[in-house]
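Hi,

Here is the structure I promised to pass on. Have a look at it first, and my notes follow below.

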Amino acid sequence: MAGRLRAPTGRYGGKTAEERQAERRRRFLDAALQLFGDAPGFRSTTVAALSETAGLSTRQFYEEFRTLEDVLAALHLQVNGWAEAAVLEAAAGAADLPLVERVTAIFRAYAGNVAADPRRIRITFVEIIGVSPRLEEQRLARRAGWVDLICAEAEAAAARGEAAPRHYRLAATGFIGSVNGLLHDWSAGWVDATLDEVVDELVRQLLGILWPPGWKPEG
């Protein structure tokens with residue numbers, strides 16, 4: 001979202017105005033990941049503190065953003081985007097594998113990306129909660145995107161005879177809650193398990209959805 005002040009145009013220091021703007025934005029988001037995702041957290045961070053951490057001025061902040069909430073919104077989308085890219089890459093690489101191996105590869109990619117930096121988990125599952133109706137709408141929209149992805153994978157598996165033919169949206173929505181809750185609790189130290197064990201549990205839960213009692217994969 002554009003800030004309140006007009007950014008300078010033209011080439012400076014060998015970089016175009018667009019390149020300088022992209023660099024400033026990256027530095028603000030990197031600083032936000034540090035401050036929002038660790039200490040002091042989004043609610044205790046000021047524009048001055050974020051700008052200082054980014055090594056930029058508050059004037060430059062307002063050239064890029066209107067409020068700190070705008071920064072959190074952009075960071076939340078960025079963290080989700082990293083995870084989604086990892087999942088899509090894993091799904092493409094595992095496209096020809098049997099269902100269990102494919103599902104495992106996808107969830108290892110997701111969990112590995114999110115858990116690679118505990119600050120990403122905090123942004124995704126903690127800091128975004130309860131900030132405003134606007135951010136709640138964004139959070140639910142991204143959650144719906146993950147539900148869509150699971151439904152697409154499940155329906156493709158059903159078309160191949162690897163999973164039961166059924167309407168998956170309700171089950172996928174419930175399953176996403178399990179993913180979010182288990183990864184958050186694991187990152188907070190409330191679950192005595194390795195990340196691989198967490199992934200294995202999530203795979204078992206998803207297979208239970210794909211393979212309901214009384215149904216067997218073709219072949």
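The chain is divided into domain 1 (15-66) and domain 2 (67-210), with bounds that come from an automatic or database domain assignment. Their C-alpha centres lie 27 Å apart. Contact, meaning heavy atoms within 4.5 Å, takes 21 residues from domain 1 and 18 residues from domain 2.

Before I go on, the ground rules: this is a predicted model, where local features need pLDDT of at least 70, side-chain atom pairs count only at pLDDT 80 or more, and totals for chains, interfaces and linings use all residues. Residues are numbered from 1 along each chain as its sequence is written, and side-chain values use heavy atoms, with hydrogens and water left out.

How much area is buried between domain 1 and domain 2? About 1,600 Å², of which carbon and sulfur atoms give 68%. Buried area here is the accessible area (1.4 Å probe) that two parts lose on being put together, summed over both.

On the polar side, the rule finds 5 residue pairs in polar contact across the interface of domain 1 and domain 2 (both at pLDDT 80 or more). A polar contact is a pair of N or O atoms within 3.5 Å; within protein, one must be able to donate a hydrogen and the other to accept it, and residues adjacent in sequence count only if both atoms are side-chain atoms. On the domain 1 side that touches domain 2, the elements giving two or more residues are α1 (17-37) and α2 (47-54), and α1 supplies the largest share, 8 residues. By class, that side of domain 1 has 12 nonpolar, 5 polar and 4 charged residues (nonpolar: Ala, Val, Leu, Ile, Met, Phe, Trp, Tyr, Cys and Pro; charged: Asp, Glu, Lys and Arg; polar: the others, Gly among them).

The rule also finds 1 salt bridge across the interface of domain 1 and domain 2, a salt bridge being a side-chain nitrogen of Lys or Arg within 4 Å of a carboxyl oxygen of Asp or Glu. The side chains of Glu 127 and Arg 43 form a salt bridge at 3.9 Å, N to O.

**The chain as a whole**

The secondary structure comes to 9 helices and 0 strands; helices (H or I, at least four residues) and strands (E, at least two) are DSSP runs, numbered from the N terminus. Along its principal axes, the C-alpha trace spans about 65 × 40 × 30 Å.

Searching the whole structure gives 17 salt bridges. One to click on is Asp 70 with Arg 134, at 2.7 Å, N to O. That pair links distant parts of the chain, 64 residues apart: Asp 70 is in helix α4 (residues 68-93) and Arg 134 in helix α7 (residues 133-159).

Also look at the peptide bond from Ala 39 to Pro 40, which is cis, with omega near 10°. Pro 40 sits in the loop between α1 and α2.

**From the UniProt record**

The unreviewed entry lists residues 22-83 as "domain: HTH tetR-type". That span is 76% helix and 0% strand, and its end C-alpha atoms lie 21 Å apart. UniProt also lists residues 46-65 as "DNA-binding region" (unreviewed entry); here the end C-alpha atoms lie 13 Å apart, with 75% helix and 0% strand. UniProt positions are in the numbering used here, feature names are shortened, and annotations may be inferred rather than shown by experiment.

Cheers
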